[in-house]
Amino acid sequence: MERVEALMAEVMRETGASAGLLYLRPPGDRLLWLTLLSGVSRQIAAPWSRASLDASTPVTDAMRQRGPVWLDSQEEVVRRYPQLGLVLPYDFAVAAAPFISGTRAWGGLALLWPVGRPPHLSAQQRGAVIACCRQTARLLEQASDQGSSLLPPEEPRYLPASPEDADPARAAAALGFTERLPVGCCALDLEGRLTFINSAGADLVGADAAFLTGRRPWEALPWLNAPVSEESYRAAVITRLPTSFTGTRPPNVPLLFQLYPDDSGISVHITPAARHAATEQAPPSDESVGALGLYHLTHLAAALAEAATVQDVTAVVADQIVPAFGPQGLALMVAEEGRLHIISHRGYSTEFINRFDGTPLTSRTATTHVQATGNAVFFPSFADFQRTYPDAPRYDARNAWAFLPLTVSGRSIGSLVLSYDQPRPFPPAERALLASLAGLIAQALDRARLYDTQYTLAHTLQTGLLPPALPHVPGLDVTARYQSAGHSMDIGGDFYDLIHTPSVTTAAIGDVQGHNTAAAALMGQVRTAVHAHATAQTSPSDLLARTNRLLTDLDAGLFTSCLIAQLDLTHHRARLATAGHPHPCSATPTDTPKSSACPPDSCSASTPTPTTPPPTSRSRPAPYSSSTPTGSWKSPAPTSTTPPTPSPDTSRKQRPTASTTSPRASSATPNTPPGTTTTSPSYSSAPTRDLTLLGSHARGNGAASDASRGSSRNGPGNRRCCQKF
């Protein structure tokens, strides 16, 4: 590891980088571990101590593309990596390069430079970075080949700047000089810990020098424990630029702290500040805007994380940005079919918005420009805006505009427009803040659009595979209910069907494992097979056996349950076959509902012609496990109670038995009419089960009696069906 440390120190010295972070990937791990860092404290680098290989960071992107990543400004950083810009809203440049040998990526290196440097690396700097990465990769490969892979430590090692040879005489003279000064001065290392303070400084802050040494001032002194203190320190470390802030020592003594950083630490000058000038000496407006903006940005990010649909995202954007970030107008646009469509707006009239909705991407406007280039455009005044776009309309008395691209993984998906009533200079910190804002919105919007697309596809798939309407059968009233318990896409694998032929009518109901598009697709295949065999008047047991062979051939990896009821209305017979599905319930006016429990394979029942009023049947099978492994089936004995009609205060706690109709299916009231034979699947009081009910009511006259079970059919074909279902 010493040789790797030497290579990192050398590349930082040759490139003039102010900070460096070196990452290694342990063998077989999907995480990058921060192994070495220099020029920045562990506290500042803590959010990036671990990075998933699937995450979007400069180092991981460099590893994926097997080449360097260069970000030359703060705006470029926040445009491509909003999370990075969120935590470090400062102006700096970043270069990242991977450690590659052969086909393996061992890790990567990130280097930072402060503001004021050239926008591009020189040939010498690029050569130094490439040489460092090649040599590091070679060392890591050699160590792995020798069976002693270089593993990252639990905590990253800090590489301090190379110390200069201290001259004792000069050190003594410097100490005497500081002690004679009437103002305070102290020194901090890059970790923020105090290494020296003179007597005047200790007197000004009201603490002993020995007590302060080795501690961070904002942690040692409660009156300095304010966000502005640590924020000024962080800004000085990252940007290497002087900064200042004021703090008030109790009872009311304002002090001005001026920070002067370099690669070895920070020198701090402490002087009394006039009471009336305390607010004037506060941190620069850029930093205060950033601190306030970060709070709102974090709040917005949390709200966007909960937004699932495009409608949710647009609601969050419209409701939070205007009050939190100060614009008087907002327009959110997405690019579709060669045009920019406005999907949300605030602070504009509908008539004004309609004039620009559907703007062609080929037109010359600020919105299409940022969409095409991916670069934000700011106009501090109307004169600036008119100079660039003289034909652009002006809404009311707006005087400043920010046009921000919505970019995800290098793709521009739209643009965000913010307008202000007063001229606005848009300092660098605010520009970075708004760029981070646009990046977060773009990611949430792209995710929501994908969700909406998947939902529409799944919903269309399922409703298209279910029967559009139940057929009319003379002498039989039929109703169906379908309600998915899925939380995400509201799709499931339950299916039902009613097939009418001249001699018999077949009712089918079943459940495919899962609540996703795969379950819905398999459900359609199973229902089609059942429908085809039922149309051919196949017996229930043979129908299930043949469908089972289809499932075996498909090898979908999902198990399915099914219940078939073949009704002969002429001879008043019902033949039932079940494969791992809850049994139906039936009842007559003279008894309570009871299960028509069949053997696991099939059963046949002969039923006399019902009298008036006809028999009643409602079912509520007990919850059954939907986690039965493929190749097995499970069907508990159903209960014989009549499910209650859901009331307003209980409908949220359990799935109602007849509250949701299948799309385009016939409707019925919760109180199913007498004479109903209900075939029911996965009813459960828990909201994690789909609900499907298929009920039939036979109309006719005759003697009323309980349905007597006939001989059961336990043929080998049906047993095979049960094994698969």
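Arg398 is buried, with a relative accessible area of 5%. Buried here means under 20% relative accessible area, exposed means over 50%, and partly exposed lies in between, using a 1.4 Å probe and protein chains only. Its side chain meets that of Asp421 in a salt bridge, 3.0 Å from N to O. The term salt bridge stands for a side-chain nitrogen of Lys or Arg within 4 Å of a carboxyl oxygen of Asp or Glu. This pair links distant parts of the chain, 23 residues apart. Arg398 sits in the loop between α16 and β17, and Asp421 in the loop between β18 and α17. Asp421 counts as partly exposed, at 32% relative accessibility.

A word on the model. It is predicted: local features need pLDDT of at least 70, side-chain atom pairs count only at pLDDT 80 or more, and totals for chains, interfaces and linings use all residues. Residues are numbered from 1 along each chain as its sequence is written, and side-chain values use heavy atoms, leaving out hydrogens and water.

Back to charges. Side chains of opposite charge can pair when their charged atoms come close. The count comes to 15 salt bridges. One of them joins Arg387 to Asp384, with the closest N and O atoms 2.3 Å apart. These two are three residues apart in helix α16, residues 382-388, so about one helical turn separates them. Helices are DSSP runs of H or I with at least four residues, strands are runs of E with at least two, and both are numbered from the N terminus. Arg387 is exposed, at 60% relative accessible area.

Next, a network. Which residues are linked by salt bridges in it? Arg42, Glu191, Arg193, Arg216 and Glu219. Within it, Arg216 bridges to Glu219, with closest N and O atoms 3.7 Å apart. Arg216 is buried, at 9% relative accessibility. Glu219 is partly exposed, at 47%.

Now the sheet. Six strands form an open sheet, ordered β15-β14-β13-β18-β17-β16, with antiparallel pairing. Two strands pair if DSSP finds at least two bridges between them. The edges are β15 (359-360) and β16 (377-379), each pairing on one side only. Seven bridges join β13 to β14. Those two strands form a hairpin with two residues between them, and Glu337 in the turn has a positive phi of about 55 degrees. Glu336 stands opposite Arg339 in β14. Two bridges join β14, residues 339-346, to β15. There, Arg339 has Pro360 as its bridge partner, and Leu340 stands opposite Thr359.

Helix α15 lies across β13, β14, β15, β16, β17 and β18, running at about 145 degrees to β18. Such axes are lines fitted to C-alpha atoms, for helices over the stretch in contact, with angles from 0 to 180 degrees between N-to-C directions. Contact means heavy atoms within 4.5 Å. In α15, residues 366-373, the buried residues are Ala366, Thr367, Thr368, Val370 and Gln371. Just after α15, Gly374 takes a positive phi of about 75 degrees.

Last, two helices. The axes of α1 (residues 2-15) and α6 (residues 123-145) come within 9 Å and cross at roughly 175 degrees. They are therefore roughly antiparallel to each other. Angles under 35 degrees count as roughly parallel, over 145 as roughly antiparallel, 65 to 115 as roughly perpendicular, and the rest as oblique. Among the residues meeting there are Leu7 and Val11 in α1, and Ala128 and Val129 in α6.
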